[in-house]
Amino acid sequence: MSNTKSKSVTFENIKKIFKDPQSGQDVAAVGGVSFRIEPGELVTLLGPSGCGKTTVLRMLSGFEQPTSGKIFIGEDDVTDTPPNKRDTAMVFQSYGLFPHMNVSENVAYGLKLRKVPANEISEKVQRFLEMVGLESMAKRPPSRLSGGQQQRVALARSLIVEPSVLLLDEPLSNLDALLREQMRVEIRRLQKSLGITAMYVTHDRVEAMSLSDRIIVMKLGKIIQMGTPSDIYRDPVNTFVAGFVGKVAFFPCEVKDIASKCHVEIKGKHFEAPRWSEKLKYGDKALIMARPESLSIGEAGEGVEDGIVTANIYLGNSVETWVKTDLGNVLVQIDNPDVKKIWNEGEKVSLSFDPSLTKVLVDDLERE
Amino acid sequence: MNKRLINFIFTMLFIILVGSWIYTSVRNEFLKQSRAAQRRTVETVTAGFPSEYEHIDEWLNILSEEANDYKIAFISEIPMPGEKLSSKPEGDSELVNLIETSQNDSEFSKGFDNAAYEEIYRSVKNWKVGTKEEQALFFAPAVSLKTHELEGALIFAFSTDGEQGFMRMLNTLFVGAFILFAVVIWQLMLSRDPIVGFALAGLFLMTLTFVAYPLFEALRLSFIENGKFSLSIWKTILQSEGYMSALWGSLKLGCWTATFSTIVGFLFAFVVSRTNAPCKKLISTMGVLPVISPPFSLTLSIILLFGNNGLITRWLRVIGLNFSIYGLPGLVLVQTMGMFPIAFLTLVGVLQAIDSTYEEASLNLSATRFKTFSSITFPLAIPGLLSAWLLVFTTSLADFANPLLLAGDLKVLSLESYIEVTGMNRLGHGAALSILLLLPTLTAFLAQRFWVSKRSFVTVTGKPSGRITELTTPTVRRILTGIIFVIVFMLILLYGTIFAGCFVKNWGIDYTFSLENITEAITRSKDALFDTVTLAAAATPIAGIIAMIAALLIVRRKFHGKRFLEMLLMTPFALPGTLVGISYILAFNHAPIILVGTAAIIIINYVIRELPVGIEGGIASLRQIDPSIEEAATDLGADQATVFRTVVLPLVRPAFLSSLSYTFVRSMTAVSAVIFLISARWYHLTVLIYNFSENLRFGLASVLSTVLIIIVFGAFGLMRLLVRENTNLMKNVT
């Protein structure tokens with residue numbers, strides 16, 4: 001069931017300035033954002049709270065008006081279109097179900113507004129309730145549904161109007177961990193099968209990674225990086241993105257040479273990294289980033305940084321070992337723990353990494 | 001954005017052009033018509049100029065007596081240019097004066113000139129004749145019918161009041177229409193949701209016209225004497241012993257009533273929330289009941305029992321006790337009976353919110369029960385007590401109905417201002433007195449709102465404890481319950497008396513059973529009852545809907561002037577009814593808005609006065625509702641009006657219904673403001689009750705009071721039924 005209706009979304013240099021109620025000063029919630037979402041694509045806005053991701057979403061839905069810039073849905077400029085005239089449908093963090101209507105009335109609401117004939121409405125409501133697996137709950141009031149079921153009603157209510165763009169505002173944050181995983185799969189399945197363009201807002205990196213075609217990482221009202229989940233994970237543009245999308249360790253190094261690879265030196269040892277920041281040049285003090293799965297533990301003095309094992313967390317398919325070093329606490333992931341050596345707590349060890357999995361970044365860490 | 005702004009400016013320019021063209025056309029046409037009419041009058045009068053010279057005096061006299069829109073004078077010889085009048089003009093003395101003093105003016109020479117050539121001339125500018133400003137002068141030739149010779153000139157002075165009034169009206173109309181157009185077009189062209197803009201503009205317009213403007217007029221009139229600014233009204237009031245004793249009387253009454261009501265209210269609240277006394281349900285019900293009982297009902301039954309011819313008075317007289325219920329003690333008694341529920345409701349909330357763990361802790365530290373009460377419970381309730389006291393004080397000061405029947409020799413401000421307006425027709429004095437009454441009322445109200453309520457020790461923990469720590473010994477409890485039952489018995493007795501009053505032939509004289517009163521009351525009050533119900537029923541939905549819209553805008557929207565609008569909307573809550581009534585008749589008995597005598601003024605008064613309670617209810621209920629519910633509806637394509645109708649209104653249904661029933665009941669039982677606004681066409685049942693009581697027709701008054709009580713209780717019962725119907729849905733609004 002592919003959707004010919006689904007449209008692209010374009011933001012052109014969107015700014016949103018709020019007035020701070022206390023000081024009366026202007027605060028830029030979103031400071032000049034441009035991006036494009038292709039038809040049928042699911043793009044996630046990821047960032048810490050207060051980074052402006054929800055404001056971006058609310059500007060796309062029409063609940064906030066950008067201070068400057070333009071928003072397009074498909075070819076249409078919707079910058080000045082009120083929310084009820086935009087072909088978007090939003091799933092809210094708190095669901096926003098109408099408490100005075102039962103499940104099927106909730107789902108039918110958008111169709112009734114569009115003056116769809118009654119028999120068509122009931123047929124369609126039935127179909128969408130089946131799609132989210134709630135056909136037996138049609139007559140229940142929302143207050144008698146579980147959180148996950150409420151979320152499904154909200155989803156069906158938004159999808160039934162066949163919007164050009166589906167908007168999801170942290171839809172899973174009120175659910176427990178297990179349900180969240182289920183709903184993640186469900187949302188992805190529905191979005192893919194309907195071929196609908198979707199924008200998803202979350203601060204949960206796992207959610208973002210597992211759902212998205214592409215991720216937009218935001219910080220302080222600016223887009224820091226936009227790319228596929230694997231791009232963002234393996235090839236972050238700076239230490240903020242690297243740290244935000246996963247556990248990471250940074251080792252200070254010096255750039256020795258940049259050719260087909262980036263040649264760096266750490267404490268007299270030489271490495272070649274396949275990826276590096278464009279801004280780096282010969283002689284720069286830089287950081288080399290390594291993910292837990294690319295780190296390994298050896299005898300003290302062997303690797304690039306010495307430390308003491310402080311904890312081992314057994315997860316079945318892996319063991320997470322925490323090592324305390326001068327650079328801070330570093331997490332090392334040891335896969336297939338049954339055939340590998342696990343170091344005891346308190347043992348002096350040393351950390352090494354697989355250089356082919358790393359990236360050299362500009363040193364922009366804030367230190368005391 | 002800029003393109004649209006330019007569009008807007010061009011549209012407005014176009015409207016201004018078209019508007020001013022229409023304006024000048026209408027204005028010129030009217031002036032032409034009105035001047036033509038004056039000219040015709042001049043021609044007609046001139047044509048009747050007597051042929052005999054001797055009759056001129058007589059003729060002028062008859063004209064001055066008959067004519068009411070002009071004055072006339074005659075000069076027998078028209079002076080040549082540059083010359084003076086040779087003889088004194090005859091006719092209206094003021095006009096004669098003007099002619100003599102201004103004869104050298106160019107307008108006069110032109111007029112004389114024209115008259116000499118047997119033409120009628122109208123002065124270009126307007127003149128002051130005697131005390132009257134803006135008079136237009138006409139110069140007409142006086143030709144003898146017989147001889148066809150010019151005998152002199154007639155000079156007419158026409159008042160231009162009509163013209164001026166029309167111009168003022170036209171100006172107001174056009175400025176109003178222009179502002180309206182500008183707002184509507186601005187909203188339609190520049191705003192993303194014009195409906196919200198219209199609603200806001202409507203609310204601002206409504207509050208400015210019906211709250212701010214009347215108050216301003218009342219204040220203005222209290223500073224005006226003979227059309228000029230003057231402090232004389234305030235001087236008389238502040239220096240007059242009578243008025244000052246009324247202020248003193250109001251304050252005294254307020255203090256006594258507030259004190260007794262707080263004591264009784266606390267007793268009820270304490271027993272209900274802090275003891276295991278029996279019949280708590282009955283006690284709570286009786287503690288709330290009087291608050292919704294119609295005005296005059298308690299006063300009426302007190303008069304029936306303790307009045308000069310009262311049932312109990314007679315018994316007491318038999319045993320040699322002589323007293324009069326009229327005056328301060330009687331009023332304090334009636335007001336306490338009617339107003340202690342206000343204290344009770346406030347205090348029950350406060351006491352229930354005090355966590356009983358504090359008391360348990362105290363008892364646990366081996367304090368006695370009395371010690372616990374005096375050192376824990378009571379101190380924690382002090383802000384609540386103060387709050388209750390101030391609320392009752394405000395209500396007592398503003399009370400009008402009870403003093404009306406029961407004041408006797410006691411003077412109170414609300415009554416004095418009524419007497420000034422209706423008895424002496426001194427509107428300025430009435431306005432000043434009710435403003436004087438506003439000062440203590442407003443002070444107490446603001447003190448309660450912003451000072452006492454912030455000093456509350458009560459913290460909402462979110463987990464109310466169901467347990468009650470027994471703070472009374474059985475003996476104490478029995479004494480407290482005993483006192484309460486005496487009061488409850490008195491209330492039941494009072495209501496019973498009204499009911500009994502319906503079936504007695506002539507209370508105080510002839511106690512035989514009779515249905516005469518009922519039939520007579522019904523025939524005589526049919527029209528008033530119909531009016532009362534119609535007016536209340538008309539105001540109810542308007543007030544309910546406006547209250548919910550206002551609450552929605554206040555809670556959900558950001559806009560300029562929000563605090564100001566809130567203030568204007570809430571102000572009527574703190575205003576004594578007499579002030580509202582007086583300011584309404586002052587503001588709406590003259591242009592530009594004339595409403596006195598219509599049903600509209602009464603309905604508007606109801607709506608404006610009952611809005612604050614509805615709005616507060618709406619705000620409280622909307623704050624509980626997640627805004628994303630409304631956003632979801634908007635997002636699915638509903639415009640603002642549809643969101644309001646299909647989502648907001650169903651969700652705030654309990655608040656909406658209670659606002660409806662509140663408005664209906666309060667409008668059915670209104671006295672203080674409505675007594676100024678009723679007319680021969682639109683009457684009110686409560687005023688009829690008052691009239692019957694004044695004429696000692698207590699039987700009729702009892703019947704009407706009973707009817708009102710039944711209607712009021714019916715309305716509340718219906719509301720409760722309707723709210724309960726949907727409660728299972730309302731619980732989980734998140």
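## Reading a two-chain model step by step

User: I'm new here. How much of chain B is buried?

Analyst: Welcome! Chain B has 734 residues, and 42% of them count as buried. Keep in mind that this is a predicted model.

User: What is chain B built from, in terms of helices and strands?

Analyst: Its secondary structure comes to 29 helices and 12 strands. Among contacts in chain B with a separation of 6 or more, 76% are between residues 24 or more positions apart.

User: How do I read a sheet, and in which order do the strands of the open sheet in chain A lie?

Analyst: In general, strands of a sheet pair through backbone hydrogen bonds, and they do so either parallel or antiparallel. Here, 4 strands of chain A form an open sheet in the order β2-β1-β4-β5, with antiparallel pairing. Its edge strands are β2 (26–37) and β5 (76–77) of chain A, each pairing on one side only.

User: How many bridges join β1 to β2 in chain A?

Analyst: There are 9 bridges between β1 (residues 9–19) and β2 of chain A, and the two strands run antiparallel. To find one pair, look at Ile17(A): its bridge partner in β2(A) is Ala28(A).

User: Where do the two chains meet, and how many residues does each give to the contact?

Analyst: Chain A and chain B give 23 residues each. On the chain B side, the elements that contribute two or more residues are α23 (627–635) and α24 (640–651). The most come from α23(B), with 7 residues. Sorted by class, that side of chain B has 10 nonpolar, 6 polar and 7 charged residues.

User: And the nonpolar core: which residues touch the most other members of the largest one?

Analyst: The largest core has 264 residues, and those touching the most other members are Ala156(A), Leu167(A), Met199(A), Ile288(A), Leu347(B) and Leu704(B). Take Leu347(B) as an example: leaving aside residues up to four places away in sequence, its contacts include Gly265(B), Phe266(B), Ala381(B) and Leu385(B). A second, separate core has 27 residues, including Leu95(B), Phe108(B), Ala142(B) and Ile155(B).

Key
Residues are numbered from 1 along each chain as its sequence is written. Chains are lettered from A and ligands numbered from 1 in the order in which they are written. This is a predicted model: local features need pLDDT of at least 70, side-chain atom pairs count only at pLDDT 80 or more; totals for chains, interfaces and linings use all residues. Two strands pair if DSSP finds at least two bridges between them. Two residues are in contact if their C-beta atoms, placed from the backbone, lie within 7 Å. Ala, Val, Leu, Ile, Met, Phe, Trp, Tyr, Cys and Pro count as nonpolar, Asp, Glu, Lys and Arg as charged, and the others, Gly among them, as polar. A nonpolar core is a set of buried Ala, Val, Leu, Ile, Met, Phe, Trp, Tyr and Cys residues joined through C-beta atoms within 7 Å. A residue is buried if 20 or more other C-beta atoms lie within 10 Å of its own, exposed if 12 or fewer, and partly exposed in between; C-beta atoms are placed from the backbone.
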